[in-house]
Amino acid sequence: MPPLSDPRAYPALYRLASLAGRAEDPRTALGQVLDELIATFGADAGSIALLNPGAGRLETEVQRGMPADEVQLGLKLGHGVTGWSVLNARALLVPDVSVESRYIAVRPTARCEMAAPMRDGDLVIGVIDLESDRTGGFSPADLELLEQLALEAAHVALQLWRTRHLQAKARQLEALLTTGQSLVGKLEMQELFVALTRDTRRMMQARLSALFLHDAAHATVRCVALDTAGTAAIPAAEMAVAACLVGGSVQTRRQVEYADIQAPGFRDLADLPADPEAHSALFTPLLYEGEVLGVLAVFADHVHRFDDDEKRACASLAGLGTVALQNARLYARVFQSEEMLRKNEQLTTLGLLAAEIAHEIRNPLTVLKLLIGGLGLDFASSDPRRTDLRVINEKLDQLESIVLRVLNFAKAPAALHSRWSLADIVSDTLVLVRPKLAQSHIVLRYDPPAKTLVVDAHKGQIQQVLLNLIFNSSEAMAKGGQLTIAIGRELRAGAAFATIDVTDSGTGIPPELGARVFDSFLSGRPGGTGLGLAIAKRILDSHHGDIALAATGPTGTTMRIALPLAKG
């Protein structure tokens, strides 16, 4: 405590303590602390410097009466009166600076100096320095009082820092939650990019934020979105990674920060915004399985050192952006896969029609060959009808060959069949449809079986059957619902089969269609070809398996796929 006999003690303590409730910004509060101390001790100049433990130096936070171009911004520990005070955690009074070797001249009129450390327990966080233009301008009693007031000043600053820190954390947490909910629903790429940069700038309270996408194949980056408080723009053209500031984050796969991009060495870099108000920059990579998908850039409107909390917040935003970007890309691939499935379905339809036509042609063609052969026609070599008969037989053989080629083409080559875990086939298929189900508000329930069931199958064709069933179920749950996939095992005529049940909570299949769901060209929805289940039936037949309508009703439908278990 300060000396009770010093009449300045309690008024000064009261005014300093009240700053904790009145001030909001720690730097503003430190300026008010310095003003109070200068008035209390009748000082001619003063400064408050904070310790940067990472750099091991004192950095002036506020000053009064010091020449702006001569303020010590990076004083090393132990240097000068203030550096000695911090290094030794002791207050120091220099009645006459002209005979003090530790004194570093900043003001030519200074004659007396005293400094006191700002402490949080045993930890020194900064120093208060006061100067007088009179030799012996400060007394030992002044030094003792300054030492005690420095403790109160440290308490005020720490309280404001902690309050601001908690406010920032609350703001960041709220922004992260809002951003996460917002980004998950963004399935259009550019909309996602704009939302990510906007939310990042708001959460970080930055001058601007930008998102760069990385093209690893060409070693380039491109700015795809920019959110700014000013009018700056970043070129949208492709830029070489090696020639950009973004490249540091791409190459190291780590966050990289720069103290001031307005410095001369940064002016020619193409990826920096043409904004004189943009100073400190933080670049955070969007990482997915070790690959840099892009870089999220944040620019502050002043020279600023990003603390660990700010870096973690940017890393969290970049992580959310990575997940959302992969989600959007996967969703785009799902739609592309669905479109390809529809095209494949059309091609399969043509193949099915061709196979049915070929099958129908083959029967009368066989009859014609048998009838001609049974006529026993044998014309003389000079008879022109002998040549006609030969040509007829050749053309019938040619037609039969064409029919056989069409029928064989419609069959899945046995060479394409492999041994597969049925759970793996189902899991790989569900990867394609999860985003579509989520958008349709359909809850997916799937628990892989405890025991691996292996089948000998054409994976692509089985996936085609599953996709067809899942899409049919989605159509039946237009307002959302639940889709359940279950894998089981059963015996049929002494043989072991693996089963897949696809169950939806839709409206069910009309009774008049239930018995004919696998007929060609039978469809219960507008725009349907009526061939999806017919093709699925043929695929399962070619696998010596089966597909059946297991159950249907107003509360949903279950389709069951059965495949023989692989032997051995």
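Predicted model: local features only at pLDDT ≥ 70, side-chain atom pairs only at ≥ 80, totals over all residues.

Student: Okay, back to S7. Which strand do eight bridges join it to?

Tutor: That is strand S8 (residues 220-228), and S7 and S8 run antiparallel. Two strands pair if DSSP finds at least two bridges between them. Leucine 211, for example, has alanine 225 in S8 as its bridge partner.

Student: What sits between S7 and S8 in that hairpin?

Tutor: Four residues lie between the two strands, and alanine 219 in the turn has a positive phi of about 55°.

Student: What about S7 and S12, how many bridges there?

Tutor: Six, again in the antiparallel sense. Alanine 210 stands opposite alanine 297 in S12.

Student: Let's zoom out. How many helices and strands does the protein chain have?

Tutor: The protein chain has 12 helices and 19 strands. Of its 568 residues, 44% are buried.

Student: And which residues touch the most other members of the largest nonpolar core?

Tutor: Those are Leu483, Ile485, Ile500, Ile547 and Ile561, in a core of 39 residues. A nonpolar core is a set of buried Ala, Val, Leu, Ile, Met, Phe, Trp, Tyr and Cys residues joined through side-chain atoms within 4.5 Å. The elements that give two or more residues to this core include helix H9 (422-439), helix H10 (459-476), strand S16 (481-492) and strand S17 (495-504). Apart from this core lies another, of 37 residues, among them Ala9 and Leu93.

Student: What is isoleucine 485 in contact with?

Tutor: Leaving aside neighbours within four places in sequence, isoleucine 485 has contacts that include Val426, Leu430, Leu444 and Ile500. Contact means heavy atoms within 4.5 Å.

Student: You mentioned S17. Why is it called largely enclosed?

Tutor: Because seven of the 10 residues of S17 are buried, the rest of the structure largely encloses it. S16 and S17 run antiparallel and are joined by 10 bridges, with arginine 492 partnered by alanine 495 in S17. Their hairpin has two residues between the strands, and alanine 493 takes a positive phi near 50° there. S17 also pairs with S19 in the antiparallel sense over eight bridges, and valine 502 has methionine 559 in S19 as its bridge partner.

Student: New topic: glutamate 289. Is it buried or exposed?

Tutor: Glutamate 289 is exposed, with a relative accessible area of 72%. It lies in the loop between strand S11 (281-288) and strand S12 (291-299), and its phi is positive, about 55°, although it is not a glycine.

Student: And alanine 89, where is that?

Tutor: Alanine 89 is in the loop between helix H3 (80-88) and strand S4 (92-94). Its relative accessible area is 30%, so it counts as partly exposed.

Student: What does aspartate 142 touch?

Tutor: Not counting residues up to four places away in sequence, aspartate 142 touches Arg8, Phe41, Met114 and Gly137. Aspartate 142 lies in helix H4 (residues 140-184) and counts as buried because its relative accessibility is 9%.

Student: Last one! How many disulfides are there?

Tutor: Taking a disulfide as a pair of cysteine sulfur atoms within 2.5 Å, the count comes to zero. Cysteine 112 is buried, with a relative accessible area of 1%, and cysteine 244 is buried at 8%.

How values were computed
Residues numbered from 1 in each chain as written. Heavy atoms only, no water. Buried < 20%, exposed > 50% of the residue type's maximum accessible area, 1.4 Å probe, protein only.
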